[in-house]
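Please examine the sequence and the structure together. The questions below take them part by part.

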Amino acid sequence: MTDAPTAETFAPHVEKTFQPRGWHRALTLVSIDSRQRSGWGGQGVNPFSLLFRGLRDDVLPEGLYTFDVAGAPAFEFYMSPLHPAAGTHPQVPRPPPPAPA
């Protein structure tokens, strides 16, 4: 049995493309949230979340997927999409619009 992946496992793959097997579009890993969460102290695990970017109108359905990443072994994990239409999409900072001329 292999060790469970950690946030550090995914760190080298930020900004890389993850291709879910059986899905027609790839996703880009944009960040890893590994903040300490209350109630997990002393459990021997450090929970983390991966945030991916994909097309707004073509959302990968929730479920268990195997992801292929160039130069890495395949990863298998459960995906729970944050969809902008459902109001669950985190606000990604964008640069301010240019000042009017």
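## Questions on the structure

Q: What does Arg35 count as at 60% relative accessibility?
A: Arg35 has a relative accessibility of 60%. Buried means under 20% relative accessible area, exposed over 50%, and partly exposed in between, with a 1.4 Å probe and protein chains only. Arg35 therefore counts as exposed.

Q: From which number do residues run along each chain?
A: This is a predicted model, in which local features need pLDDT of at least 70 and side-chain atom pairs count only at pLDDT 80 or more, whereas totals for chains, interfaces and linings use all residues. Side-chain values use heavy atoms, with hydrogens and water left out, and residues are numbered along each chain, as its sequence is written, from 1.

Q: In what order do the elements of the protein run from the N terminus?
A: The protein has 1 helix and 5 strands. Helices (H or I, at least four residues) and strands (E, at least two) are DSSP runs, numbered from the N terminus. Read from that end, the order is α-β-β-β-β-β.

Q: How do S1 and S2 pair, and over how many bridges?
A: Two strands pair if DSSP finds at least two bridges between them. Thr17 stands opposite Thr28 in S2, and the hairpin of S1 and S2 has 6 residues between the strands, with Gly22 at a positive phi near 85°. S1 and S2 pair in the antiparallel sense, and their bridges number 2.

Q: Which residue in S3 is the bridge partner of Thr28?
A: S2 and S3 run antiparallel and are joined by 5 bridges. Thr28 is also the residue of S2 that Thr17 faces. On the S3 side, the bridge partner of Thr28 is Arg53.

Q: How many residues apart in sequence are the parts that Arg53 and Glu15 tie together?
A: A salt bridge is a side-chain nitrogen of Lys or Arg within 4 Å of a carboxyl oxygen of Asp or Glu, and the structure holds 4 of them. In one, the side chains of Arg53 and Glu15 meet at 3.7 Å, N to O. Because Arg53 lies in strand S3 (residues 49-53) and Glu15 in the loop between helix H1 (7-10) and strand S1 (17-20), the separation in sequence of the parts they tie together is 38 residues.

Q: What does Asp58 count as at 18% relative accessibility?
A: Asp58 forms a salt bridge with Arg25, with the closest N and O atoms 2.7 Å apart. Asp58 lies in the loop between S3 and strand S4 (63-69) and Arg25 in the loop between S1 and strand S2 (27-33), so the pair ties together parts that are 33 residues apart in sequence. Arg25, at 39% relative accessibility, counts as partly exposed, whereas Asp58, at 18%, counts as buried.

Q: How far apart are the closest N and O atoms of Asp33 and Arg35?
A: Asp33 and Arg35 form another salt bridge. The closest N and O atoms of the pair are separated by 2.5 Å.

Q: Why does the pair of Phe18 and Phe75 count as stacked?
A: The structure has 11 aromatic pairs. Rings of Phe, Tyr and Trp (its six-membered ring) pair if their centres lie within 6.5 Å, and planes under 30 degrees apart count as stacked, over 60 as edge-to-face and the rest as tilted. The ring centres of Phe18 and Phe75 are 6.1 Å apart, and the pair is stacked because the planes lie at 20°.

Q: In which strands do Phe52 and Phe67 lie?
A: Both Phe18 and Phe75 are buried. The rings of Phe52 and Phe67 have centres 6.1 Å apart and planes at 10°, so this pair is stacked. Phe52 and Phe67 are both buried, and they lie, respectively, in strands S3 and S4.
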